[in-house]
Amino acid sequence: MRAARYHEYGGTDTLVVEQAPDPLPGPGEIRVRVAAAGVNPVDWKVRDGSVRDFLPVDLPAIPGRDAVGLVDMTGEGVTSVDIGDRVFGLGGVTGATAELAVLSAWASAPAAWSDEEAAGAGLASVTALGGLKALGRLEGRTLLVEGAAGGVGGAAVEIARALGATVIGTASERNHAYLTSLGAVPVAYGAGLAERLARLAPNGVDLVLDAAASGSLPDLVEIAGDPDRVVTVADHVNAHRLGVRVANAVNDSALLAEAAALGEQGRYVPRIDRTYPLEEIAQAHAHSERGHVRGKIVILL
């Protein structure tokens with residue numbers, strides 16, 4: 001199969017497109033013929049070796065964790081899908097940006113979602129849902145999402161709105177119209193956030209989800225008034241010190257199915273910043289590393 005790979009840790013220049021062995025699904029896994037794969041910040045952090053102490057990989061490695069495609073092989077014990085079913089989901093830390101990928105968690109891709117949208121939904125939706133569920137009941141409550149224009153933040157905005165929350169989202173001013181399109185009340189992040197929020201939500205915010213890891217977690221705790229009302233999916237460094245809960249992304253088919261159900265209802269549509277062909281995997285990683293991504297970056301195969 002054709003795949004993007006890197007044979008050593010390093011920059012985007014380590015990425016090549018070449019022939020690689022076809023992967024085989026193990027028990028409880030499936031293999032898909034990939035139509036599109038997501039690009040997430042964790043992909044380039046794994047590739048450049050900055051997280052190798054707790055996310056080591058065997059080299060050469062294929063970047064990518066989430067993908068959409070047609071099932072072409074099932075592992076032992078899998079009875080929930082048929083060959084040819086269109087699914088989106090998650091595999092290991094690596095392995096998705098290839099013509100064939102093994103998934104350990106998946107759900108049927110909503111017919112309303114394009115391949116690009118379905119490829120962008122896997123990691124973003126389970127991360128967002130994990131954080132939102134940790135916050136508890138959302139209906140009738142005001143939620144602040146820090147970093148609302150990114151892939152996870154945008155998913156959190158749409159899903160929280162679908163679950164009945166009023167959502168205020170932080171982003172740079174150039175992304176305010178985008179947040180409005182997601183259903184959030186936009187506000188600029190950074191110094192003076194508490195004062196701006198006081199004007200937007202005079203009764204205060206009930207809950208906060210940090211999807212930015214911008215160093216703002218202490219301020220978010222002060223805004224919420226209690227660390228128990230704050231969850232981060234991004235700032236592991238400060239969370240323990242502040243007593244804030246961390247919600248980590250998990251390969252959970254139930255969460256993917258929940259996201260898919262909202263997609264079927266038209267209440268969650270993964271937003272795509274830009275797509276790249278497989279041959280431009282290096283440019284896609286460079287785009288992600290530069291930041292300021294509105295939604296998800298996706299590789300088309």
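**Salt bridges, aromatic contacts and overall fold**

Arg-2 and Glu-99 form a salt bridge, with their closest N and O atoms 3.9 Å apart. This pair links distant parts of the chain. Arg-2 lies in strand E1 (residues 2-6), whereas Glu-99 lies in the loop between E5 and strand E6 (100-103), 97 residues apart. Both positions come from a predicted model. Arg-2 is partly exposed, with a relative accessible area of 29%. Glu-99 is partly exposed, at 25%.

A salt bridge also joins Arg-47 to Glu-289, where the closest N and O atoms are 2.8 Å apart. Arg-47 belongs to helix H1 (residues 41-47) and Glu-289 to helix H10 (residues 281-290), so the pair ties together parts that are 242 residues apart in sequence. Arg-47 counts as buried, at 1% relative accessibility. Glu-289 is partly exposed, with a relative accessible area of 34%.

Asp-115 forms a salt bridge with Arg-86, at 3.1 Å between the closest N and O atoms. Asp-115 sits in helix H2 and Arg-86 in strand E5, so parts that are 29 residues apart in sequence are tied together. Asp-115 counts as partly exposed, at 29% relative accessibility. Arg-86 is partly exposed, with a relative accessible area of 23%. Salt bridges that share partners join Arg-2, Glu-99 and Glu-279 into one network. The salt bridge count comes to 10.

Two aromatic pairs are found in the whole structure. The ring centres of Phe-88 and Trp-113 are 5.4 Å apart and the planes meet at 70°, so this pair is edge-to-face. Phe-88 lies in strand E5 (residues 86-90) and Trp-113 in the loop between strand E7 (105-108) and helix H2 (115-119), so the pair ties together parts that are 25 residues apart in sequence. Phe-88 counts as buried, at 0% relative accessibility. Trp-113 counts as buried, at 3%. The rings of Trp-113 and Tyr-268 also pair edge-to-face, because their planes are at 90°, with centres 5.6 Å apart. Tyr-268 lies in the loop between helix H9 (253-264) and strand E14 (272-277), 155 residues from Trp-113. Both Trp-113 and Tyr-268 are buried. Phe-88, Trp-113 and Tyr-268 form one aromatic cluster. Elsewhere, Lys-45 lies over the face of Trp-44, at 5.7 Å from the ring centre.

Arg-196 is found in helix H6 (residues 193-200). Arg-196 is buried yet has no salt bridge. The nearest side chain of opposite charge, that of Glu-195, is 6.1 Å away. Beyond residues up to four places away in sequence, Arg-196 touches Val-187, Ala-188, Tyr-189, Gly-190 and Ala-191.

Ala-224 belongs to helix H7 (residues 217-224). At 3% relative accessibility, Ala-224 counts as buried. Its contacts, leaving aside neighbours within four places in sequence, are Val-208, Arg-229 and Val-230. Ala-224 and Ala-191 are 33 residues apart along the chain, and their C-alpha atoms are separated by 16 Å.

The protein contains 10 helices and 15 strands. For 301 residues, a compact globule would have a radius of gyration near 19 Å; the protein has 19 Å, which agrees. Along the principal axes, the C-alpha atoms fill a box of roughly 60 × 40 × 35 Å. Of the 301 residues, 50% count as buried. Among contacts with a separation of 6 or more, 65% come from residues 24 or more positions apart.

How values were computed: Residues numbered from 1 in each chain as written. Predicted model: local features only at pLDDT ≥ 70, side-chain atom pairs only at ≥ 80, totals over all residues. Heavy atoms only, no water. Helix = DSSP H or I, 4+ residues; strand = E, 2+ residues; numbered from the N terminus. Buried < 20%, exposed > 50% of the residue type's maximum accessible area, 1.4 Å probe, protein only. Contact = heavy atoms within 4.5 Å. Phe/Tyr/Trp six-rings, centres within 6.5 Å; stacked < 30°, edge-to-face > 60°. Lys NZ or Arg CZ within 6 Å of the ring centre and 35° of its normal. Lys, Arg positive; Asp, Glu negative; His and termini not counted. Salt bridge = Lys/Arg side-chain N within 4 Å of Asp/Glu carboxyl O. Rg over C-alpha atoms; globule rule 2.2 N^0.38 Å.
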